[in-house]
Amino acid sequence: MNEYERLEKCLAAIRERTDFVPDTALVLGSGLGGFTQSVDIKAEIPYEDIPNFPRSTVEGHKGRFVFGLIGDAKVVIMDGRVHYYEGYTMRDVVLPARLMRLMGAKVLFLTNAAGGINPDFSAGDMMLIEDHIASFVPNPLIGENIDEIGTRFPDMSHVYDADLSLAVKESAEELGIKLQKGVYLQLTGPSFETPAEIRMAGRLGADAVGMSTAVEAIAANHAGMRVCGVSCISNLAAGINPTPLTHAEVQECADKNAPRFKALVSESIQRISKML
Ligand code: HPA
């Protein structure tokens with residue numbers, strides 16, 4: 001079975017359960033776990049019910065697609081994502097993004113928790129992802145190209161869509177939420193970085209660091225989706241943070257800032273859906 005056939009099988013399993021066609025796909029990062037409580041849910045499908053679908057194992061991540069409405073916006077939500085550090089291949093990691101494209105989503109809205117590198121950032125800040133550095137992780141498009149989905153050598157000059165990003169900026173302004181902007185650098189994890197790695201990342205132009213997201217953005221761009229992303233700066237990165245990093249600290253800060261994060265994502269998605 002090639003990758004496109006695998007995707008078609010996943011899609012068929014979903015279509016047995018719901019005929020909901022989303023316009024926007026949303027990936028929930030740490031701290032947005034409770035987001036679906038404010039969604040008018042029309043259907044939900046646990047990942048484990050989808051044959052051939054990779055499943056997330058990390059604590060605090062539930063694995064399911066949620067289909068529903070945020071205002072008038074028709075969304076499919078990935079409640080729990082798949083990380084490379086769990087042992088999946090990059091093809092597995094980006095399968096859900098491609099699948100949501102096949103479900104009909106034209107936009108991919110990415111969220112995550114990230115460590116802050118930019119000295120102007122504080123824990124709890126929201127950062128609009130303006131660009132990314134994915135040079136330290138395997139490219140998710142390696143291997144036979146899926147011609148049905150996209151071209152062999154996709155352009156990456158404008159991965160993060162200017163109009164969608166403007167909608168996020170306007171939403172932040174309306175809600176009175178300070179919005180930082182910057183470059184997200186993806187590393188594999190699961191270890192946090194050393195202070196030397198963070199200094200390197202800063203010199204390379206990164207404002208924030210995390211273990212997800214950039215590869216999803218690459219796959220979505222390949223598949224012709226418009227992409228935008230917001231990071232919750234859940235901690236200052238190693239060497240800047242005064243204490244050793246723990247997953248609990250990341251989760252705690254992300255949870256504390258969840259109400260602002262949720263409000264920003266919800267408002268942004270409603271604005272974006274009016275543009276489509
Ligand atoms: N490093 C990498 N990934 C992260 C961090 C970090 O400091 N915080 C949240 N995700």
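**A chat about the ligand and its surroundings**

Student: Where should I start? What distance separates a polar side-chain atom of Asn-235 from a nitrogen atom of the ligand?

Tutor: The distance is 2.7 Å. Keep in mind that this is a predicted model.

Student: How much of the ligand does the protein bury?

Tutor: The protein buries 95% of it. That share is taken of the 260 Å² the ligand exposes when taken alone.

Student: What does Glu-193 do there, in terms of distance to a nitrogen atom of the ligand?

Tutor: A polar side-chain atom of Glu-193 lies 2.8 Å from a ligand nitrogen.

Student: And Ala-113? Which of its atoms lies by a nitrogen atom of the ligand?

Tutor: A backbone one, N or O. The distance to the ligand nitrogen is 3.4 Å.

Student: Which other residues are around the ligand?

Tutor: Among them are Ala-114, Gly-115, Phe-192, Val-209, Gly-210 and Met-211. The list also includes Ser-234, Leu-245 and Val-250.

Student: Which strands each supply at least two residues of that shell?

Tutor: β5 (107–116), β8 (208–210) and β9 (226–236).

Student: Which element gives the largest share?

Tutor: β5 does, with three residues.

Student: What kind of space does the ligand take up?

Tutor: The ligand takes up the largest pocket.

Student: Let's stay with β9. Is Ser-231 buried or exposed?

Tutor: Ser-231 sits in strand β9. Its relative accessibility is 0%, so Ser-231 counts as buried.

Student: Which side chain does the side chain of Ser-231 make a polar contact with?

Tutor: That of Asn-112, at 2.7 Å.

Student: Which residues is Ser-231 in contact with, leaving aside neighbours within four places in sequence?

Tutor: Asn-112 is one of them. Others include Ala-114, Asp-125, Met-126, Tyr-184 and Phe-261.

Student: Switching to helices. Where does Leu-264 lie?

Tutor: Leu-264 is in helix α7, which runs over residues 258–275. Its relative accessibility is 0%, so Leu-264 counts as buried.

Student: How many residues apart along the chain are Leu-264 and Met-126?

Tutor: They are 138 residues apart along the chain. Their C-alpha atoms are separated by 9.0 Å.

Student: Now α5. How many of its residues are buried?

Tutor: Nine of its nine residues, which span 214–222. The buried ones include Ala-214, Glu-216, Asn-221 and His-222.

Student: What covers the buried residues of α5?

Tutor: The cover includes α2 (90–103) and the strands β1 (24–27) and β5. It also includes β6 (126–133), β7 (179–186) and β9.

Student: What residue with a positive phi follows α5?

Tutor: Gly-224, with phi near 80°.

Student: Is Thr-213 buried or exposed?

Tutor: Buried, with a relative accessible area of 0%.

Student: What about Asn-52? What is its phi?

Tutor: Near 75°, a positive value again in a residue other than glycine. Asn-52 is in the loop between β2 and β3 (64–70). At 36% relative accessibility, Asn-52 counts as partly exposed.

Student: What kind of peptide bond joins Gly-189 and Pro-190?

Tutor: A cis one, with omega about 0°. Most peptide bonds are trans. Pro-190 lies in the loop between β7 and α4 (195–203).

Student: Last one. Where is Thr-36?

Tutor: In the loop between β1 and β2 (40–46). Thr-36 is buried, with a relative accessible area of 6%.

Student: Which side chain makes a polar contact with the side chain of Thr-36?

Tutor: The side chain of Arg-64, at 2.9 Å. Contacts of Thr-36, leaving aside its neighbours within four places in sequence, also include Leu-28, Ile-41, Val-66, Ile-77 and Asp-79.

Definitions and conventions. Residues numbered from 1 in each chain as written. Predicted model: local features only at pLDDT ≥ 70, side-chain atom pairs only at ≥ 80, totals over all residues. Heavy atoms only, no water. Helix = DSSP H or I, 4+ residues; strand = E, 2+ residues; numbered from the N terminus. Buried < 20%, exposed > 50% of the residue type's maximum accessible area, 1.4 Å probe, protein only. Near = heavy atom within 4 Å. Polar contact = N/O pair within 3.5 Å; in protein donor to acceptor, adjacent residues only side chain to side chain. Areas by Shrake-Rupley, 256 points an atom, 1.4 Å probe, with all protein chains shown as cover. 1 Å grid on protein atoms, 1.4 Å probe; cavity = no way out; pocket = protein on both sides within 12 Å on 5 of 7 lines; lining within 4 Å. Sits in = over half its atoms within 2 Å of the grid points. Contact = heavy atoms within 4.5 Å.
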